[in-house]
Amino acid sequence: TTETFNYSPEGLLQNSTAVTTKAGKTISTSVSNYTVGKDGRDQITSRTTTLGTGEVTTETFNYSPEGILKDSVAVTTKGGQTISTSTSTYSMGLDGSDQLTQRTTVLGTGESTTENFEYNVNGTLKTSVASTTKAGVIGSTAVSNYAMAADGRDQLKDRTTTLPTGE
């Protein structure tokens, strides 16, 4: 992956482009656009990723008046057809970092998965619960538990998935 960054004459990040290749073929291209947040740091406003398979994902990011990330919406299309739409909501952690609190993904088939995230007091991810439904019927529920790895990042510890059949 090669990523290039473009700045305004004032030195502010405007956009970046990441190109991933394998054996000389482009696998994906991602273009991100930025603005300056209230705190003077770069804030991503949109990202468009195009895969070699023809899928295009366009994601937009929305911030509160205080400059805190509120939500993002990612729409994936192929050949003019919507494959999926994912809406993510965020809150600010005690350390000031953005924490994903919920993500809902709706597929073109009508299947919908909603995942809720819970954090420890120290800001590390504690658990997530994902429920998948179609036509109002729960297809599966997955409960994931996390622990902090030695490098301080969240690490999946275990996951239990339950199907409507009780399996």
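I'm working from a predicted model, where local features need pLDDT of at least 70, side-chain atom pairs count only at pLDDT 80 or more, and totals for chains, interfaces and linings use all residues. Side-chain values use heavy atoms, with hydrogens and water left out, and residues are numbered from 1 along each chain as its sequence is written.

**Count.** I looked up how many salt bridges the structure holds. I got 4, taking a salt bridge as a side-chain nitrogen of Lys or Arg within 4 Å of a carboxyl oxygen of Asp or Glu.

**Glu 115 and Arg 103.** I found these two side chains in a salt bridge at 4.0 Å, N to O. The pair links distant parts of the chain: Glu 115 sits in strand S9 (residues 112-119) and Arg 103 in strand S8 (residues 98-107), 12 residues apart. Strands here are DSSP runs of E, at least two residues, numbered from the N terminus. Then I checked exposure (buried is under 20% relative accessible area, exposed over 50%, partly exposed in between; 1.4 Å probe, protein chains only). Glu 115 comes out buried at 17%, while Arg 103 is partly exposed at 30%.

**Lys 126 and Glu 118.** Their side chains meet in a salt bridge too, at 3.6 Å, N to O. I have Lys 126 down as partly exposed, at 36%. Glu 118 is also partly exposed, at 40%.

**Asp 151 and Arg 153.** Which side do I find exposed, and which partly exposed? Asp 151 is partly exposed at 49%, and Arg 153 is exposed at 59%. Their salt bridge has an N to O distance of 2.8 Å.

Technical notes:
Helices (H or I, at least four residues) and strands (E, at least two) are DSSP runs, numbered from the N terminus.
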